[in-house]
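Here is a short note to read beside the model. The points follow below.

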Amino acid sequence: MDKSIKKYVAIFTFPTLIAFTLGFLVPFLMGIYLSFCEFTTVTDAKITGVKNYFRVFTDPTFVHALGFTALFTIVSVITINVFAFAIAMLLTKGIKGTNFFRTVFFMPNLIGGIVLGYIWQILLNGILANIGRTLTYSPAYGFWGLIVLMNWQQVGYMMIIYIAGIQNIPGELIEAAKIDGATSWQVLGKVTIPMVMPSITICSFLTLTNSFKLFDQNLALTAGEPSNNSQMLALNIYETFYGRNGWEGVGQAKAVIFFLIVAVIAVTQNRLTRSKEVQQ
Amino acid sequence: MVKKNEDQQVSAVRRAKHGWILTLFFSLLTIFYMYPIFLVLINSFKKKGFIMKSPFALPDGRSFFGLRNFISGIEKTNFFGAISNSVIITVGSVAAIILFTSMCAWYITRVQNQFTKSVYMLCLFSMIVPFQMVMFPLSKLANMMKLSNPIGIIFVYLGFGAGLAVFMFCGFVKSIPLEIEEAAMIDGCTPLQTFFQIVFPIMKPTVITVAILQAMWIWNDYLLPYLVLDLKKYKTVPIVIQYLKGGYGAVDWGTMMAMLVLAIIPIIIFYAACQKYIIEGVVAGAVKG
């Protein structure tokens, strides 16, 4: 069977592979090369060594954006997962209207980041107007605004995954724990949470990468204001490329660093939570 | 069956005890959850001066502006042009991704050699690379290859979306018993016939999952089309919304609210129509991702 399929390699794989090569692989390799060059477009690149990387770390906006993004990621991962898990627990108790609530909470996910950003800008600015301020008055407002927005958007998605995980727990496991005299909190900590560890792995991975790579919501809600103080990494890289002349190489070097951080986070996170999963 | 009955008994006991409190709590939370969208809706009918001054007030005699925000917004942004671009790009890209990556995934799962293994590893790898890493070279390359139009960008989406799609299809192909395909081949099917008549129909659940995940991403994607498309000719929905902001941060909030409403309506219709598939698709996608 192997052999008869083998001859068809061009028909089956080439359309995807050509697009993958031109749409991903070549730009990726060019990106690495360009991070060691000075250039304004891809055809006039001159190799300058690691100079770009030095300039990245002497750029205070990058260091600030890195700190802002890291803090934002920690807070949003914790809040989104706690809320999503709590709602999932309550929505698996079989109350009336469960399906309707699930549908409603999931809905904001389908709305794109740009649209979400402007929806929340009008709402949050309206609330802040009561104390005579706007979202761009201080980076703290932008920070918490983004946290609220991300929770609103992502809790529903993670809730759906947690609900599927909770429903997979065999009922007799929880019954047995209760007969043995476990309190509700003990059941939660010793049975439910270990049993939904695969869902926790997935949800924390998704929220972690979504938050760290956030761009659209950041652009639409505050666009980094006031004076780049609510700027996250992805937006900082974008501004370096397209907002400053002669910084394209630095922008690309920042992008490489950004990629390395995302890769390290993804790999470690996966190892850490996977090791806590129990065999069923 | 036995397990299910027990579960139902447990939940029935709980439901009797404090089910109504939870239902009440979630009803309030639902109102709270839907409020931002409601707020945009009421403001889309107000004159722009009243939106910033009193965003929470319902439109009244003085502030009511009828559909004029919608009309001027549609004219200013060529909104229906943007919607049709978004539809062409999303439908075209999702169709291309489904067709080509499922074929590719089947091939690299069934034929095991150094080449197919490295394709699989590259696909896995591409999933963790953030867009900013490739954005500058990709946008320049796309311009050079004349892909700056809604059809050309489908090719870019196929390349950029291939990683996740190939990975998910591979996971599914591994679970299809080989005997079915072998029987088809013995009966004289060519590999193409085997794939399209036997394998592809079996893949339907994964096709739906991949289609939904990719459609959600591509419909809402802002940066890739913004950098790749020739913006003088083609804009998508997220791009026209962002364009309303103008160069110096001045926003006409009246048209903005109206356009936000128009951007949300197709999503809600789509969600209402295939809600079941969307939620199942997300669960299936998460389990495999």
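1. A definition before the helix packing. Axes are lines fitted to C-alpha atoms, for helices over the stretch in contact, and angles run from 0 to 180 degrees between N-to-C directions. Keep in mind that this is a predicted model.

2. The helix pair in chain A. Helix α4 (residues 60-90) of chain A packs on helix α10 (residues 197-212) of chain A at an angle of about 145 degrees. Their axes lie 9 Å apart. The crossing of α4(A) and α10(A) is right-handed.

3. Who makes that contact. From α4(A) come T69(A), F72(A), T73(A), S76(A), V77(A), I80(A), N81(A) and A84(A). From α10(A) come C203(A), S204(A), T207(A), L208(A), S211(A) and F212(A). By class, the contact of α4(A) with α10(A) has 7 nonpolar and 7 polar residues. No charged residues take part in it.

4. Chain A overall. Chain A has 13 helices and 2 strands. Its C-alpha trace spans about 75 × 75 × 30 Å along the principal axes. Of the 280 residues in chain A, 45% are buried. Among contacts in chain A with a separation of 6 or more, 74% join residues 24 or more positions apart.

5. Domains of chain B. The domain assignment gives domain 1 (2-43) and domain 2 (68-285) in chain B. The centres of these two domains of chain B, taken over C-alpha atoms, are 34 Å apart. Domain 1 of chain B puts 4 residues into the contact, and domain 2 of chain B also puts in 4 residues. On the domain 1 side, 3 residues are nonpolar, 1 is polar and none is charged.

Terms used:
Residues are numbered from 1 along each chain as its sequence is written. Chains are lettered from A and ligands numbered from 1 in the order in which they are written. This is a predicted model: local features need pLDDT of at least 70, side-chain atom pairs count only at pLDDT 80 or more; totals for chains, interfaces and linings use all residues. Domain bounds come from an automatic or database domain assignment. Two residues are in contact if their C-beta atoms, placed from the backbone, lie within 7 Å. Ala, Val, Leu, Ile, Met, Phe, Trp, Tyr, Cys and Pro count as nonpolar, Asp, Glu, Lys and Arg as charged, and the others, Gly among them, as polar. Helices (H or I, at least four residues) and strands (E, at least two) are DSSP runs, numbered from the N terminus. A residue is buried if 20 or more other C-beta atoms lie within 10 Å of its own, exposed if 12 or fewer, and partly exposed in between; C-beta atoms are placed from the backbone. A crossing is left-handed if the near helix is turned anticlockwise from the far one by less than a right angle, and right-handed if clockwise.
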